[in-house]
Amino acid sequence: MIVYFSGTGNSRYAAALLADRLGDELLDAGGLIKEKKKAELTSEKPWVFVAPTYAWQLPRVFSDFIRSGLFEGSKDAYFVMTCGEDIGHPEKELYELCRVKGLDFQGVLEVVMPENYITMFSAPGQEEAAKIVAAARPVLEEGARLIGQGKGFADRHPGLLDTLKSTVVNGAFYPLFVKAKAFYATKDCNGCGLCEKLCPLNNIELQNKEPVWGKSCTQCMACICGCPKEAIEYGRISKGKVRYQCPEYKG
Ligand SMILES: Cc1cc2nc3c(=O)[nH]c(=O)nc-3n(C[C@H](O)[C@H](O)[C@H](O)COP(=O)(O)O)c2cc1C
């Protein structure tokens, strides 16, 4: 079963492609997370966990979802991490996650997709994004081939810097940057409530037809990039920036 988490569609696109090639089921973990439900799943086909990279690891909300869930049937677990640049060195943590779940770690596939982290960096424009997504396709096709043949993903060879990013920097990242405090709606907001629906953590509530952010944000970019009016900003840093959603798979 292909189980995915996605803020702006890259990982959903990757997951849908894998599900198609493998003739397997596709499950949106975001839907269960939003309803505060734990996974209680059974699959005879390998588990394929697909998610964006947040500070060179799986998003914590997704690793917590896996850790707290029940995954019965197949023991094989593959990880596919989409990223804007690189996934760092998440193997040790993924291996440990598999160990506590009684799953066999079959490797992690790095898939470079367009950057979506617009509260920190910038996302590419449409043309550039389409090129990046096209270049990711053969990587995913090869990943599907390996999973289909029951082979593990190729070993990666991360360096010391990658290890530091996935450990020290990841540890500092959450307390320092993963906050909703700076999100606000501009006068262009028409109170449509899509942001409330899109938030996988149920962290947005419409009050007097205006979104109000709570404290459990994971900075997935679904609200700010999914707003049809581009009426959500994050302090001053998001002003004038491209709002990104995967061109192949609009939410
Ligand atoms: C909070 C946050 C942290 C991110 N950290 C990384 C990172 O460490 N390395 C990287 O290459 N890309 C990073 N990105 C970019 C995303 O991993 C990438 O754009 C991903 O494909 C988005 O997937 P989605 O569209 O399924 O949400 C980050 C994005 C966000 C929002």
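This report describes the fold, the domains, the core and the ligand surroundings of a predicted model.

## Overall fold

The chain contains 8 helices and 11 strands. Its radius of gyration is 18 Å, close to the 18 Å that the globule rule gives for 251 residues, so the chain is as compact as a globular protein of that length. Along its principal axes, the C-alpha trace spans about 55 × 35 × 35 Å.

Of the 251 residues, 41% count as buried. Contacts between residues at least 6 apart in sequence can be sorted by their separation along the chain: 75% of them join residues at least 24 apart.

## Two domains

The domain assignment divides the chain into domain 1 (2-173) and domain 2 (178-234). Their C-alpha centres are 25 Å apart. Where the two meet, 12 residues of domain 1 are in contact with 12 residues of domain 2.

On the domain 1 side of this meeting place, helix 2 (residues 29-34) provides the largest share, 3 residues. The residues on that side of domain 1 divide into 6 nonpolar, 5 polar and 1 charged.

In soluble globular proteins, nonpolar side chains tend to be buried together. In this model the largest nonpolar core has 67 residues, and Leu 18, Val 50 and Val 80 have the most contacts inside it. Helix 5 (residues 126-148) gives the most to this core, with 6 residues. Both domain 1 (2-173) and domain 2 (178-234) contribute to the core, with at least three residues from each.

Leaving aside neighbours within four places in sequence, Val 50 is in contact with Ile 2, Tyr 4, Ser 11, Ala 14, Ala 15, Leu 18 and Val 80. Two of these partners, Leu 18 and Val 80, are also named with Val 50 among the residues with the most contacts inside the core.

## Around the ligand

There are 26 residues around the ligand, and Ser 6, Asn 10, Ser 11, Pro 52 and Cys 83 come nearest. By type, the shell divides into 11 nonpolar, 11 polar and 4 charged residues.

Helix 1 (10-22) and strand 6 (76-83) each supply at least two residues of the shell. Helix 1 gives the most, with 3 residues. Domain 1 (2-173) and domain 2 (178-234) both give residues to the shell, so the ligand lies between them.

## Two loop residues

Ile 87 lies in the loop between strand 6 and helix 4 (91-101). Is Ile 87 buried or exposed? The cut-off for a buried residue is 20 or more other C-beta atoms within 10 Å; Ile 87 has 26 C-beta neighbours inside 10 Å, so it counts as buried. Apart from neighbours within four places in sequence, Ile 87 is in contact with Thr 53, Trp 56, Met 81, Val 108 and Glu 110. Glu 35 is 52 residues away from Ile 87 along the chain, and their C-alpha atoms are separated by 28 Å.

Cys 217 lies in the loop between strand 10 (210-213) and helix 8 (222-226). Cys 217 has 19 C-beta neighbours inside 10 Å and therefore counts as partly exposed. Not counting residues up to four places away in sequence, Cys 217 touches Val 178, Lys 179, Ala 180, Leu 201 and Asn 203. Cys 217 and Gln 106 are 111 residues apart in sequence and 30 Å apart in space, C-alpha to C-alpha.

How values were computed:
Residues numbered from 1 in each chain as written. Predicted model: local features only at pLDDT ≥ 70, side-chain atom pairs only at ≥ 80, totals over all residues. Near = placed C-beta within 6 Å. Helix = DSSP H or I, 4+ residues; strand = E, 2+ residues; numbered from the N terminus. Nonpolar A, V, L, I, M, F, W, Y, C, P; charged D, E, K, R; others polar. Domains from an automatic or database assignment. Core = buried A, V, L, I, M, F, W, Y, C linked by C-beta atoms within 7 Å. Buried ≥ 20, exposed ≤ 12 C-beta atoms within 10 Å, placed from the backbone. Contact = placed C-beta atoms within 7 Å. Rg over C-alpha atoms; globule rule 2.2 N^0.38 Å.
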